[in-house]
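Open the model in your viewer and keep the selection tool at hand. The tour stops at two places.

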Amino acid sequence: MGIVVLRQDGKADEWKRALRNFAPEVPVYSAEEPHPKAEIEMALVWKHPKGSLSEYPNLKCIASSGAGVDFIFKDTQAPLHLPITRVVDPILAKDMAEHVIATVFAHLKNVNTYKLQQFDQTWKPRTYLRMKEVTIGILGLGELGAFTATELSTIGFKVQGWSRSQKEITSVTTFNGPDQLDLFLGSTDVLVCLLPLTPNTQGILNKKIFEKLPKNAFLINVARGGHLNDDDLLEALDSGHLSGAALDVFHTEPLPGPHPFWQHPKVHMSPHCASVSDTESVVPQIIANYKRLKTGKALENEISKTQGY
Ligand code: NDP
Ligand code: OXD
């Protein structure tokens, strides 16, 4: 009986403490301490060491402590036949919307360009964009995409979104499926990626997509590095077709030193921090699912293995 916390970012103890504080009756261990592996039924994971999940013979559920589950599928030794759950949390959605809004305004008002000019002691006013001139297009209208779309529209942006299935979101124009992608792209000035990383979305931010965006469009990738073809983005920025990109996620994190993104004047980077699971807010749903597991009830926020998200 119990939960093991498996992660390599130094936050295992923080999660263990939060779980124990909320449910002192549930045995919770960090993988870094001695623990009874045969008794573990739930693994709470975030970029766990590959192969580590196969050490738990009686595991019954793999719970991602984030919204994404792509890292679980990358672990080919993981018991992928088990149910996989993910985080759906209002604070995660709000934090994501705030990050995207801040990034959009930084783009409209040349904030990052002026920072570069400041370092060069350059005094050069630039043309800025107004909200009413900009259409924001969001790839992915799930928990984070739909909330971000609504927040942007409430502020006053024209917002549209694209998803796999058809959606209805107040004041947001929606598109769905591969057939409607070009139409969506053709009228998108700021493209925000909030798709899950799956075999169907891997590399979706590529030359073909960039060419369909209007000249001077701007890219915000807050989903996964695997969505982006880095070379295609560099080409679209250097040719002047795209005006810039704000990237929060990368193929390899931290991004290796020699990567051209580090020094590129049109690339604004943040270290995968757009929206971070808040332990206090997320722990109740983990414990609730653990209790459901123990009583044979259906789990909440279980992903579809067929869709991969
Ligand atoms: P959801 O699963 O709730 O939503 C995913 C959306 O993408 C859905 O609208 C889905 O369509 C759509 N989608 C999936 N596949 C396709 C496809 N092939 N074609 C078109 N649309 C598709 O995910 P969340 O909103 O919770 O999270 C999205 C991603 O954000 C996470 O997977 C993670 O990678 C990233 N993330 C990044 C963070 C950061 O700090 N940078 C923090 C948290 C999450 P449909 O609705 O029809 O199923
Ligand atoms: C997530 C993330 O998927 O932090 O939650 O990227």
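Start with ligand 2: one of its oxygen atoms is 2.6 Å from a polar backbone atom of A67, a polar contact, meaning a pair of N or O atoms within 3.5 Å. This is a predicted model, in which local features need pLDDT of at least 70 and side-chain atom pairs count only at pLDDT 80 or more, while totals for chains, interfaces and linings use all residues. Residues are numbered from 1 along each chain as written, chains are lettered from A and ligands numbered from 1 in the order written, and side-chain values use heavy atoms, without hydrogens and water.

Next, select the side chain of R224, where an N or O atom is 2.8 Å from an oxygen atom of ligand 2. Then pick H272: a polar atom of its side chain lies 2.6 Å from an oxygen atom of ligand 2. Taken alone, ligand 2 exposes 210 Å², and the protein buries 86% of that (accessible area by the Shrake-Rupley method with a 1.4 Å probe). Now show the residues around ligand 2, which include W46, G66, G68 and S275; a residue is near if one of its heavy atoms lies within 4 Å.

Move to ligand 1. Select the backbone of L141, where an N or O atom lies 2.9 Å from an oxygen atom of ligand 1. On its own ligand 1 has 940 Å² of accessible area, and the protein covers 92% of it.

Finally, display the 29 residues around ligand 1; R86, L144, S165, K167 and Y309 come nearest.

Notes. A polar contact is a pair of N or O atoms within 3.5 Å; within protein, one must be able to donate a hydrogen and the other to accept it, and residues adjacent in sequence count only if both atoms are side-chain atoms.
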